[in-house]
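Okay, thanks for coming, everyone. I'll walk through one structure today, so let me put it up on the screen.

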Amino acid sequence: AEVVELPHANLILLDSKTRSLGGNQLVWLVKQLDKRKDKPALIFSHYNPYPNRGVRPIPGLRDGKALLNILAKCKHARAYLYGHTHEWQYDQRDHLHLINQPAVAYYFGKGHAHAWLHMKLTEKSADLKLKCSNAQHKQHGDHRQIILKDAYT
């Protein structure tokens, strides 16, 4: 786990290689979020926090509910970005954006985008734009905006 401090936001990188964050890492996350309330936080990890609702049923983190409870309590935690399911999906729970990133090469369902996200981070927002390998794909150019500063500040 690591924190990358940027001018407009903190990126918090979690290790979920065992499909679990574990109690120690969740305690560490709470401490990092508590120490850095001055800037919005974007949290990254490999696994989905809950079972996938897409083409294939893919279980989420074993402690995904605990993770989401922590992030729900921290208004400056603005997004959780992950990629394990290889599908471009987006959800929002109150202030928290849940961004499921697609695969660049290997996908699980016919017609899924081979793509990556381009993120432009400004003082006010994180603007995400989907860039598909095939510019003709129906999802090419999809975008989401994560407002970084609002009522929590």
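Now the ground rules. This is a predicted model, where local features need pLDDT of at least 70, side-chain atom pairs count only at pLDDT 80 or more, and totals for chains, interfaces and linings use all residues. Residues are numbered from 1 along each chain as its sequence is written, and side-chain values use heavy atoms, with hydrogens and water left out.

So, how many salt bridges does the structure hold? Two, where a salt bridge is a side-chain nitrogen of Lys or Arg within 4 Å of a carboxyl oxygen of Asp or Glu. One pairs Asp15 with Lys17, with the closest N and O atoms 3.6 Å apart. Lys17 is exposed at 67% relative accessible area, while Asp15 is partly exposed at 32%.

The other pairs Arg36 with Glu5, and there the closest N and O atoms are 2.7 Å apart. Arg36 sits in the loop between α1 and β3 (41-44) and Glu5 in strand β1, so this pair ties together parts that are 31 residues apart in sequence. Arg36 is buried, at 15% relative accessible area. By the way, helices (H or I, at least four residues) and strands (E, at least two) are DSSP runs, numbered from the N terminus.

On to the sheet. Six strands make an open, mixed sheet, in the order β1-β2-β3-β4-β6-β5; two strands pair if DSSP finds at least two bridges between them. β1 (2-5) and β5 (89-93) are at the edges with a single partner strand each, so one side of each has no neighbour in the sheet. β1 and β2 (residues 10-13) run antiparallel, joined by four bridges, and Val3 stands opposite Ile12 in β2.

Now the helices. α1 (residues 23-35) and α2 (residues 64-73) pack at about 10°, with axes 11 Å apart. Axes are lines fitted to C-alpha atoms, for helices over the stretch in contact, and angles run from 0 to 180 degrees between N-to-C directions. That makes α1 roughly parallel to α2; the cut-offs are under 35 degrees for roughly parallel, over 145 for roughly antiparallel, 65 to 115 for roughly perpendicular, and oblique for the rest. Which residues of α1 meet α2? Leu26, Leu29, Val30 and Leu33, against Ala66, Leu67, Ile70 and Leu71, with contact meaning heavy atoms within 4.5 Å.

Technical notes. Buried < 20%, exposed > 50% of the residue type's maximum accessible area, 1.4 Å probe, protein only.
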